[in-house]
Amino acid sequence: MARSKDDPGTRPLPPPASLSSDALYFLNSKLSSREDLDGAPALLSEIQIQSDAIDRTLSQLNNELQSHLNRHSSYSNRVGSLFSNVHAQLDDLRRSSAQPSSDGELRRGMGEELQALAKEVARVETVRNYAETALKLDTLVGDIEDAVSSTMNRTLRRHPSMKDLEYMRAGALRALKLTEDVLSSVIKTHPQWIRLVSAVDHRIDRGLAILRPQAIADHRALLASLGWPPPLSSSNTNVKGSSNVQNPLFTMQGDLKLQYCESFLALCGLQELQRKRKSRQLEGHNKDVALHQPLWVIEELVNPLSIATQRHFSKWIEKPEYIFALAYKITRDYVDSMDDLLQPLVDEAMLSGYSCREEWISAMVFALSTYLAKEIFPLYISKLEEESETTIQAQARVSWLHLVDLMIAFDKQVQSLAAHSGMLLSLQEEDNMQKMSSLVVFCDRPDWLDLWAKIELNDTLDKLNTELEDNRYWINEGENVTLLPGQEESKSPGIASAVFRRLSSVIDRCRSLPSFSLRSRFLKSAGAPIIHKYLDCLRQRCQEAEGLTALTDDTALIKVAKSVNAGSFFQSVLDEFCEDVFFLEMETKQSGGIGTAGDSDATSKGSSEATEKGIFHEEIKKLEEFKTEWIEKLSTVVLRGFDALCREYIKNKKQWQEKSDETLMLSRSFIEALDYLQGKLSLLEEGLNKMDFTRLWRSLAAGIDRLIFYSILMGNVKFHDGGVQRLSNDLTVLFGVFGSWCLRPQGFFPKTSNGLKLLKTAKKELKTTLMVDERWLRDNGIMQLTSGEVEKIMKNRVFNS
């Protein structure tokens with residue numbers, strides 16, 4: 001009997017091309033041999049049972065959906081009924097308000113009813129918005145939880161499909177983004193709904209706690225299938241085809257490349273979502289540091305490489321240069337692939353504010369600095385703390401400085417790589433500086449920074465002491481002494497340039513520190529003591545010269561003059577140096593209180609002193625005090641010698657009582673004093689720099705002015721016409737001595753010159769002046785004398801009859 005065409009047994013098998021990959025996999029696994037065909041009826045029965053169960057589940061879900069829709073419809077009807085009642089009440093109010101009424105109480109009652117009705121309308125509208133928003137969020141979160149549950153079930157299967165996993169993960173990510181948009185809108189428009197937002201955040205956090213680890217685990221497995229990390233010996237290229245073992249990021253093709261790109265985009269999408277959520281949750285707080293996190297996909301590339309390199313690093317602890325060489329080699333060899341392959345994917349994911357090149361470099365630097373902090377520095381510190389021989393201690397300090405040199409050189413290399421992305425690190429904030437520096441280890445351990453500063457200072461002082469004791473450095477020109485620009489004009493000895501070069505070396509090493517507060521702290525610990533040492537040496541040389549001859553000897557004067565020149569030139573160079581952008585930026589950040597959390601402990605020592613006056617303000621101030629002190633001492637010594645030679649001249653009061661017809665001559669004792677004065681000034685002019693010599697002769701002129709005025713003009717001496725003329729002649733010679741350095745030397749002898757002017761005033765004018773006041777003094781050009789001084793001089797003036 002022929003079978004019916006509707007009999008399933010007569011249906012032909014569909015072509016293999018029309019079957020899905022899951023169906024083909026199922027048939028191949030269940031019907032792989034002829035013996036399996038005998039079990040086909042049982043397999044069919046099992047499939048039918050599963051199909052019936054799925055149909056029942058689907059029917060239940062449909063019933064639940066219908067129930068939800070009915071409840072929503074009922075709720076909408078109730079809300080509609082409420083609005084109908086509100087409209088009816090509004091119509092009644094409008095009709096009642098149209099009727100004129102003179103009753104004031106009635107109008108007030110209608111106003112109150114209107115306000116209450118408006119509040120009721122607003123309340124109902126708020127309830128409706130809240131209900132719709134809550135329902136929408138519940139639906140979205142339900143989709144998220146379903147997607148997360150599906151990915152978990154798929155992962156637990158023996159042969160999960162990567163394509164299906166990525167599809168479900170992409171669906172979950174879309175739902176997450178929609179939910180985040182709704183939450184952001186709620187926060188802006190209805191900030192009082194904080195409990196609703198908190199409840200949704202709690203459910204999303206649970207989903208993300210499952211979704212992110214799964215995505216990262218799948219991404220790691222995919223990287224392993226690509227052959228990442230590659231052998232370290234192969235990291236000699238970043239150009240496709242130029243190495244025997246190529247970069248796996250270049251060699252991936254086909255479905256594998258597609259899967260990697262989808263996994264990459266999924267991780268980037270999750271990170272961008274987390275950034276938006278944190279931005280919303282931290283609204284109103286200082287969120288810059290919390291928002292910018294390392295790029296997850298780059299971390300997944302660096303972490304296995306870091307583990308692989310540490311096996312080599314552990315063999316090179318005594319040869320750290322190999323560690324830095326390998327770290328830089330890996331960083332350099334793969335950096336271009338970040339720009340060529342991964343940056344377009346980051347841009348496609350719309351992950352703003354990220355450069356794959358910079359993230360790759362900063363991740364490699366972080367891995368290296370972490371290894372240094374955990375393995376290298378503790379070992380070096382233990383060697384420094386050991387009670388051992390001086391030679392071993394010295395070797396440990398040398399090793400420490402060598403390690404710092406390697407870190408500084410490495411930072412310059414990687415920052416040069418980062419410069420290709422267009423980022424100028426010198427103009428960035430501390431966060432970006434720390435990302436590109438292995439010296440970031442000192443941000444978390446300021447005690448290590450203090451130890452480095454101490455070692456650096458001791459090493460610099462050891463070298464500096466040799467130069468301070470070398471007499472060749474205390475002359476202007478000499479063998480093996482290189483002078484700085486302008487040093488020869490300032491007559492400063494070579495020691496100033498030698499000290500400044502030592503200080504500059506310390507400052508240059510400090511420039512690499514990725515924190516403004518750490519730089520300030522380092523300079524205060526390692527730079528300022530160098531200046532103090534130099535200043536102590538200058539002061540000691542001056543005191544030695546003063547102690548031997550009380551500065552009466554010309555050699556002692558020249559020795560002090562050279563020390564003053566050395567201090568003055570060093571101060572001027574330091575002033576100019578502190579105007580560099582490096583110092584100005586550091587002082588601005590410190591005075592503005594800008595710092596990172598890692599620097600909070602470091603700022604306690606150095607930042608309080610780094611005001612707008614400058615990092616080395618106190619040291620510059622002490623140099624100025626030293627210079628002022630010894631210029632005054634030089635002036636005092638010369639004035640004391642001049643005073644000693646003028647004793648006889650001052651005591652000879654008869655010379656001022658000469659008549660006008662007597663022979664007028666210069667005073668011999670005064671001429672001898674002037675000869676001494678001119679000789680000392682010529683010597684100091686040759687020894688001192690121009691600026692300090694000007695301060696010296698002006699100070700000396702002020703001292704001589706006071707000496708002559710109070711010893712002679714105010715010394716109860718009677719002045720006749722001839723005495724006035726003699727005094728005028730003597731002072732003309734005195735003014736001539738100082739005339740070599742100014743046009744009007746009498747201006748630097750204000751009291752003496754005004755007193756002489758007063759003595760020369762006509763006899764008739766003095767006798768007719770009954771009262772001396774400020775106006776009379778001003779009219780007669782007497783500007784620097786008080787009324788009492790003028791009256792006393794006038795009383796001592798004797799006119800010839």
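A polar contact is a pair of N or O atoms within 3.5 Å; within protein, one must be able to donate a hydrogen and the other to accept it, and residues adjacent in sequence count only if both atoms are side-chain atoms. The model is predicted, so that local features need pLDDT of at least 70 and side-chain atom pairs count only at pLDDT 80 or more, while totals for chains, interfaces and linings use all residues. Residues are numbered from 1 along each chain as its sequence is written, and side-chain values use heavy atoms, with hydrogens and water left out.

View 1. Glu300 counts as buried because its relative accessibility is 6% (buried, under 20% relative accessible area; exposed, over 50%; partly exposed, in between; 1.4 Å probe, protein chains only). Its side chain forms a polar contact of 2.6 Å with the side chain of Arg220. Leaving aside residues up to four places away in sequence, Glu300 touches Ile216, His219, Arg220 and Leu223 (contact: heavy atoms within 4.5 Å).

**View 2. Packing of helix H6 with H10.** The axes of H6 (residues 194–226) and H10 come within 11 Å and cross at roughly 45°; axes are lines fitted to C-alpha atoms, for helices over the stretch in contact, and angles run from 0 to 180 degrees between N-to-C directions. H6 and H10 are therefore oblique to each other (under 35 degrees, roughly parallel; over 145, roughly antiparallel; 65 to 115, roughly perpendicular; the rest, oblique). On the H6 side, Arg212, Ile216, His219, Arg220 and Leu223 meet Trp296, Val297, Glu300 and Leu301 of H10. This contact of H6 with H10 comprises 5 nonpolar, 1 polar and 3 charged residues (nonpolar: Ala, Val, Leu, Ile, Met, Phe, Trp, Tyr, Cys and Pro; charged: Asp, Glu, Lys and Arg; polar: the others, Gly among them).

**View 3. Packing of helix H16 with helix H18.** H16 (residues 446–468) and H18 (residues 516–549) pack at about 25°, with axes 9 Å apart. That angle makes H16 roughly parallel to H18. The residues of their contact divide into 15 nonpolar, 3 polar and 4 charged. Among the residues that meet are Trp452 and Leu457 in H16, and Phe522 and Tyr534 in H18.

**View 4. Lys319 in the loop between H10 and helix H11.** Helix H11 covers 320–348. Lys319 counts as partly exposed because its relative accessibility is 43%.

Definitions and conventions: Helix = DSSP H or I, 4+ residues; strand = E, 2+ residues; numbered from the N terminus.
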